[in-house]
Structure formats: C-alpha cells, structure tokens
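Please keep the sequence and the structure in view while reading.

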Amino acid sequence: MGSRGKLTSAAGYAYSKLSYDADYLKAADSLFTGYKDFNKTKKFTVSSTYNYRISRQHTIRAGGIVNFVGFNYNQLSRDNNNINALLKEIISISDKTTSIQGFAEWQYKLTDNLTFNTGAHYLQLLYNNSKNIEPRFSVKYDVNKKNTVAFGYGLHSQILPWGIYFVQV
C-alpha cells in the first residue's frame, strides 16, 4: 500500500433476539396471553476501507460493506382478544438476504482552515433488488483551534427493520 495508502478491513457477527408478550387480566386473579411476538436476527458483516493521501491537500477514501442476514419472525394472536380463542399463528417467517454498500469520497483542503468533502454512497438490498445512490457534500471552516463551523448535505437512506421485507400479506 505504501506510505500514502492504508487498507483497513473488519469482520463481525451480531445476534439479536427480541420477544414481546401482551398479557391481559381475565379476572382479578388470572392473566391470559393475548399476543406473542418473537424475532431473531443473525448478521455477519465484512467491511473494507482504503484511504489514500494523494498530496497534503487531497485524500480519497473508498470502501464497501457486505451484510449477510438471517431472520426469523413469529407472531401469535387471539381473534379480537377473545379469551376463549386459542393463540393463532399470524406470521411465521424464516428467510435470509444480503445488503451491499459501497462508498467513495474525496477530501480537499483548500487551506489549513477550509476543508471540502464530496462523495457518494451506494446501497443495495438483494432480497428485493432495491438500489440507491446517495450524494454527500460538506464544507468545514476552522475558526480557531477550539471552534469550527461546518455545513453538510447528503441523502441518507436506511434499511427498514428486516421483518417488513419478509412479511407476505
């Protein structure tokens, strides 16, 4: 990579499990469960970023992130919270998908006090093949060693909670 470039890579694993039960009083001394919600997400992430200093004034940075996601979601409910009805499975989903992100940015230091950043971010969800390219821009002025004024603009999308993509109505 040389003295001007640096490659940083990482891999990680995340696991989350969330459940929710809604219990109601049937009588003063007894509860019944009217609703159960359970979801489990497993995510393996690989990322890599390359920084390259062209000169004292110019730096470029590019990289990518890939997420491999497995998802289980179950929901049980009683019809109209009827205490005599059995809990019925409304949603039962187990699926997986991959998201891909890429980015590139250029930093230009016009002076020691004035810095411009510009770039683009790409996001793709393979489950439904949705894609998005988002421009980014910022300018920062260092008034002195303790004070900075900055302005930034960018489009920033996000992936919704995984269950929304997998639910079939």
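In which sense do strand β4 and β5 pair, and over how many bridges? Strand β4 (residues 88-109) and β5 are paired in the antiparallel sense, with 11 bridges between them. Here two strands pair if DSSP finds at least two bridges between them; strands (E, at least two residues) and helices (H or I, at least four residues) are DSSP runs, numbered from the N terminus. One of the bridges can be located by its residues: Gly102 has Tyr122 in β5 as its bridge partner. The two strands, β4 and β5, form a hairpin with 4 residues between them.

The model is predicted, so local features are given only at pLDDT of at least 70 and side-chain atom pairs only at pLDDT 80 or more, whereas totals for chains, interfaces and linings use all residues. Residues are numbered from 1 along each chain as its sequence is written, and side-chain values use heavy atoms, with hydrogens and water left out. The mean pLDDT (the predictor's confidence in each residue, from 0 to 100) of the protein is 89, and 96% of its residues reach 70 or more. Confidence is highest in β5, at 96, and lowest in helix α1 (residues 162-166), at a mean of 71. Where pLDDT is low, the predicted coordinates should not be read in detail.

An open sheet of 7 strands runs in the order β1-β2-β3-β4-β5-β6-β7, with antiparallel pairing. The edges are taken by β1 (5-27) and β7 (148-154); each has a single partner strand, so one side of each is left without a neighbour in the sheet. On average, neighbouring strands of this sheet are turned by 15° against each other, direction ignored; the angle is taken between axes, which are lines fitted to C-alpha atoms, and angles run from 0 to 180 degrees between N-to-C directions.

Within the sheet, strand β2 (residues 30-53) pairs with strand β3 (residues 58-77) in the antiparallel sense over 19 bridges. In this pairing Asn39 stands opposite Tyr73 in β3. Further along, β5 and β6 run antiparallel and are joined by 12 bridges, and Gln124 has Lys131 in β6 as its bridge partner. The hairpin of β5 and β6 has 4 residues between the strands. Asn129 is found in this loop between β5 and β6, and its phi is near 55°, a positive value in a residue other than glycine.

Rings of Phe, Tyr and Trp (its six-membered ring) pair if their centres lie within 6.5 Å; planes under 30 degrees apart count as stacked, over 60 as edge-to-face and the rest as tilted. By this rule there are 6 aromatic pairs. In one of them, the rings of Phe44 and Phe68 have centres 6.3 Å apart and planes at 25°, so the pair is stacked. Because Phe44 lies in strand β2 and Phe68 in strand β3, the pair ties together parts that are 24 residues apart in sequence.

What makes up the largest nonpolar core? It holds 8 residues in all: Val69, Phe71, Tyr73, Ile91, Ile93, Leu125, Trp162 and Phe166. Such a core is a set of buried Ala, Val, Leu, Ile, Met, Phe, Trp, Tyr and Cys residues joined through side-chain atoms within 4.5 Å. At least two residues of this core come from each of β3, β4 and α1, and β3 gives the largest share, 3 residues. Leaving aside neighbours within four places in sequence, Val69 is in contact (heavy atoms within 4.5 Å) with residues including Thr41, Asp95 and Trp162.

Note on methods: Buried < 20%, exposed > 50% of the residue type's maximum accessible area, 1.4 Å probe, protein only.
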